[in-house]
Amino acid sequence: MNAHGNPGDALLLESDPYAVLDGASAAARAVGADYLYLYASEADETALERARDAAESRDYGLPVEVVSGPDVYRAAEPTMAIESIEGNHRLEARLRPPGPEDEGVYGNPTIVHTARTYAHLASALHGDAPETRVVSVTGDVEATTTVELAESDTVASATDAAGVDDFTAACVGGKFGGITTDLDVGLAPETLAEADLGTEGTIEVLGSDRCPVAFVGQRTNVAAETNCGRCVPCREGTTQLTEKLRDVYDGTYDEGGMAELMGVMESTSICAFGRDVPRTVRTAMREFDDAFEAHADGTCPSGTCAIGGTQ
């Protein structure tokens, strides 16, 4: 059970760990698993504490262990989560094949799902299978807000719940989700995917004074500095993509070169980290092409960037 890096998963462990454990243990019994691991970030101390209390208070039919991982984004990737559970200090994505379903924790076949998925499974087993999504709104908001909404609701329903009135855009679906100015997009995973947005259940709001060009540049720089370094497309691609975004500030907007580079990253990176980074840049270029062109011409439409040198 992977609850690392998602506010909604952490909240479920804090507020209803029994539902998560009931769903996870049912899945474990269904596949004949011998062991159940609950994995979360070491920063989510309350979630870990309540998960441990819940794990110790009942017999779930198999051993249950609650494990914490480092508070870094890449530690949420499923195979790096497995590396962390095994106690490896240098987290690297594992080559596929074989995937975790064939060779996971300590070499054993392993299924990996989120706390949100297992909580939904528990509801289904109790005769209630709501078509809902647990969504967290972060970024330029007064406070992180997590809500449960129908899949027929929209991204706007979630941002309205967080009190968002004025915004530049939203990054939907995780740290490397898709950038959009249209919040009237349904929350069902297939609907989000069709809109080139992420499905991880988070919406990061960019306030009205934010520059989308600066945002994606900072985000790719994070990717360049925090990737595991295992595969060349991600390790070198994130660095080259960051440099190309810096070049925009120096007057060169190599749209074709960036598209080619991102295509290579998406098709050849071994894990979602390298495959998802291009989505943030690609969708921002589509939504804010004029802003990229303006930066290359020496102007930041939002008035927040220093043009003509390193941003």
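This is a predicted model: local features need pLDDT of at least 70, side-chain atom pairs count only at pLDDT 80 or more; totals for chains, interfaces and linings use all residues.
Local features need pLDDT of at least 70, side-chain atom pairs count only at pLDDT 80 or more, and totals for chains, interfaces and linings use all residues. Residues are numbered from 1 along each chain as its sequence is written, and side-chain values use heavy atoms, with hydrogens and water left out.

The largest pocket holds about 1,200 Å³ of space. A pocket here is an open set of points on a 1 Å grid over the protein atoms alone, where a 1.4 Å probe fits, with protein on both sides within 12 Å along at least five of seven lines. Grid points are joined across faces, edges and corners, and the volume is the space filled by probe spheres set on them. The lining comprises 42 residues, each with an atom within 4 Å of a point. His 4, Asn 6, Tyr 73, Ala 76 and Glu 200 lie nearest the pocket centre. Helix H1 (7–15), H5, strand E3 (132–139), E7 and helix H11 (272–287) each supply at least two lining residues. Helices (H or I, at least four residues) and strands (E, at least two) are DSSP runs, numbered from the N terminus.

The model has 16 salt bridges, each defined as a side-chain nitrogen of Lys or Arg within 4 Å of a carboxyl oxygen of Asp or Glu. One of them pairs Asp 9 with Arg 116, with the closest N and O atoms 2.9 Å apart. Asp 9 lies in helix H1 and Arg 116 in helix H5, so this pair ties together parts that are 107 residues apart in sequence.

Glu 42, Glu 45, Glu 49, Asp 53, Glu 56 and Asp 71 form a negative surface patch. Patch members have over 30% relative accessible area and no salt bridge, and like charges are joined within 9 Å. Areas come from the Shrake-Rupley method with a 1.4 Å probe. Charges are placed at CG of Asp and CD of Glu. Asp 71 sits in the loop between strand E2 (64–69) and helix H4 (78–85).

Most residues other than glycine have a negative phi, and most peptide bonds are trans. The loop between H4 and helix H5 (115–125) contains Pro 97. Arg 96 and Pro 97 are joined by a cis peptide bond, with omega about -10°. The bond from Pro 97 to Pro 98 is also cis, with omega near 0°. Tyr 106, in the loop between H4 and H5, has a positive phi near 50°. Asp 196 has a positive phi of about 65°. This residue lies in the loop between helix H7 (189–194) and strand E7 (202–206).

Definitions and conventions
Patches are made of residues with over 30% relative accessible area and no salt bridge: like charges are joined within 9 Å, nonpolar side chains (Val, Leu, Ile, Met, Phe, Trp, Tyr) within 5 Å. Lys and Arg count as positive and Asp and Glu as negative; His and the chain ends are not counted.
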